[in-house]
Amino acid sequence: MSESLFTQLLDLACGAFLLAAVVVLWRRELAAIVRLFALQGLALAAIALLLGLHEDRWDLIVVAAGIGALRAGLLPYLIRRALATLVTDRAQGQDQAAYTHSEEVRETQPLVNVAASLLTAAALTLLAYAVARPLVELDPTPATRALPVGLAVVLIGFFVLVTRRRALAQVVGFLLLDNGITATAFLAASGVPLIVELGVSFDVLLAVLVLQLLTVRVREAFGTTDIDDLRELHD
Amino acid sequence: MLHLSQEPALTALLLTAPVAAPLVVAAGYTLTGLAAQRRPRPVSAARREETRRPQPVVKAAVVSRGTARAMTGADDKGEGDDSVPGKPVAAVRARGRHPADWAGLTSPVVILACASLLAADVDDGAVAAYSGLLRADALTVWMLLVIGAVALIACASAPSYLSGERDADRATGRTVMGVPPIERSREWGSYHALVQVFLGAMCLAVVTANLGVLWVAIEATTIVTAFLVGHRRTRMSVEAAWKYVVICSAGIALAFLGTVLVYYAARQAGIAEAWALDWPTLLAHADQLDPAVTRLGITLVVLGYGAKAGLVPLHAWLPDAHSQAPAPVSALMSGVLLSVAFAALLRYRVIADAALGVDFTRVLLAGIALLTLALAAGLLLAQRDYKRMLAYSSMEHMSLIALAAAIGSPLALAAALLHIAGHGLAKATAFCASGQILHLRGTTKIGRVRGLLARSPWLGALFGLAIVALLGFPPFSLFASELGIARAGFAAGSGLGWTTAAALLLVLVAFAALATRATRMLLGPARKGDAAVAESPSALWPLVLGLLACAALGITTGPLGDLLTQAATVLERP
């Protein structure tokens, strides 16, 4: 692969990666948010794959395949299943025909509205570029020049986590944050050592399983997955 | 002294055993639980079905019998499945007949034994195994000893706590959020397995030299303890569990980003991929790390592991999780989990000091310490719940340790490590005692626990002594360590002197708040009609043990003195 083609493809993948995170802020349907998250997982796998091809490292290509399977396949599947449980429970309980429009599958009232969220995303991206300047200067290659994209997704993930009220939207926010960190690791240093990568993936998978179960319990206990209604504990 | 380091196989065994033993015990608990169920379907399928349908009486009874066997560990060949369905099996068994509850004590004993054997090896450096993945120096051994000692108290208190919970379930027939007590009793079966995995993860975090594996282990503790925090399934505990997982996972993700940046700096400094996250290698090459990248990385690491250590700004999970978890788990979380996360911070601090000079981490840590201390003292003043009161006291003590790390002189570091041990022992005792108070009075409100000393003198006295230890009175070791931190602070120059003075003022506020609340709980006449409760020695001896250890450590560090000095040396700038 020629150097310029590699750079273009890498920038394309990074662009798709960032765009997916921004569009998550725009959409309100949780199903659409999960689809976007899966797309972002594909973009992340593409970044790893391109780096692996460029550096002729087979282990990196295998890691890329694993990341694609986990972040574009398994994790979105788990969240979609949790979503389906919430929807069918509600349909049985209230016998609604129009359950697809149930409150549980929509982010009805995010704490910050869509226009302000998109502006914030722009500001966060600028902030990421400012913060990442010393990181790029240390070793200016095509990969590290794209590094601020990873940091921007980390910040957007945090923003989603803080401003979204549905439990599952917060889970997606956490996963965006994690995708951003993984992308940063790939762009900065072609990924962390394999044993760490494995451990991190395993931890993320378990965390999502735990959060999925907790979502069900939150609904059992509070009758909704609106995290803002969790106000029992305070001083 | 006997040196074992000549035999690599033995070293590897000593390093592996603290991690492996709890995991093996956990596997044992899980397997006996599964085997005793004798059901063709996997547990998860059964569970899903039961949570969907509220009325599977027959099925649930069989499950509860399975759990009963799992807990007693008894061979169930003699019994058929022909007993009356729905008969409350749990009620047949007398109180305290749960031998399997005691099997959990194996792993603390193994951890303590390995730590003491390793102590002989590390007096002239460090030992490593598996090409440097596991490594023990004096700091590792010290932390292993603390984990083992606190785990011993917590695991020894677990049987009486669990039988108290089972009694409470049975007495009230409590159906919490539609979950029948029978299923809850099955959940207690997984309690032991989760606690053991929790112990294993903490030991791994301490014995690994790889900063990436360290992160994986600390994140694993969050995941494992999530269900322990939310075990009651009330609105409050579900909320606590949700906050705990979200805040800690997101916070610690920051630490991973920091780790990645440090790795990037290390790779750019020419360290090979396999060694770029190895702590000794990083320390040796710290002066070659790029300062700007390292500064960003270290800031993220401090915020991230600070979240797990209960420091500002990501501390909000701590009082909720500590007040909702079962008492022995609160003891473990407060006593060691916080300090394991802080030990990770201490390791990074050495690298940062070598790469950036001491001022950077000093300002960062001192600022965080003061903010945390102010917050904890302020919230202690308005506290009405005694478990939350203990949680905020943990934040107070962690911020003192952070202050000592900011000072960074040998005296301050030794005092910080001593404080970690003393706080672990005293807080574990206090939390385990609070679990028994909860069973006795059925409330966590301070105002409704009065006359504890009059009604149950032993428990009251032990709880009171634990609070006295936490307040920093002699002979308990917190007195010595707080004195050490104060002396080191005033010796370190005017800036840190003022910081220390402000910190001491805040500690005084926290002292007053804690003392008045504890006296309100302990003193006063017993209510009319309350007979003195028979106190079982089996529930009290772990508490006595914890207090004795804390007091002994305060009077003389004895053979541990050398270890403490060596551990402080590990943390000094090379």
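How many helices and strands does chain B have? In this predicted model, chain B has 23 helices and 2 strands. Of its 574 residues, 59% count as buried. Turning to contacts within chain B between residues at least 6 apart in sequence, 82% of them join residues at least 24 apart.

Let me now turn to one pair of helices. Two packed helices are described by the angle between their axes and the distance between those axes. In chain B, helix H16 covers residues 386–407 and helix H21 covers residues 494–522; their axes come within 11 Å and cross at roughly 160°. Angles over 145 degrees count as roughly antiparallel, and H16(B) and H21(B) are therefore roughly antiparallel to each other. Their crossing is left-handed.

Which residues meet there? From H16(B) come B:Tyr386, B:Met389, B:Ser393, B:Glu396, B:Leu403 and B:Ile407, and these meet B:Leu496, B:Thr500, B:Ala503, B:Val507, B:Ala510, B:Leu514, B:Arg517 and B:Met521 of H21(B). By class, this contact comprises 10 nonpolar, 2 polar and 2 charged residues.

Finally, the meeting of the two chains. Here 40 residues of chain B are in contact with 37 residues of chain A. On the chain B side, helices H9 (211–229), H10 (235–268) and H12 (291–308) each supply at least two residues. The largest share, 19 residues, comes from H10(B). Taken by class, the side of chain B that touches chain A has 26 nonpolar, 6 polar and 8 charged residues.

Thank you for your attention.

How values were computed
Residues are numbered from 1 along each chain as its sequence is written. Chains are lettered from A and ligands numbered from 1 in the order in which they are written. This is a predicted model: local features need pLDDT of at least 70, side-chain atom pairs count only at pLDDT 80 or more; totals for chains, interfaces and linings use all residues. Axes are lines fitted to C-alpha atoms, for helices over the stretch in contact, and angles run from 0 to 180 degrees between N-to-C directions. Helices (H or I, at least four residues) and strands (E, at least two) are DSSP runs, numbered from the N terminus. Angles under 35 degrees count as roughly parallel, over 145 as roughly antiparallel, 65 to 115 as roughly perpendicular and the rest as oblique. A crossing is left-handed if the near helix is turned anticlockwise from the far one by less than a right angle, and right-handed if clockwise. Two residues are in contact if their C-beta atoms, placed from the backbone, lie within 7 Å. Ala, Val, Leu, Ile, Met, Phe, Trp, Tyr, Cys and Pro count as nonpolar, Asp, Glu, Lys and Arg as charged, and the others, Gly among them, as polar. A residue is buried if 20 or more other C-beta atoms lie within 10 Å of its own, exposed if 12 or fewer, and partly exposed in between; C-beta atoms are placed from the backbone.
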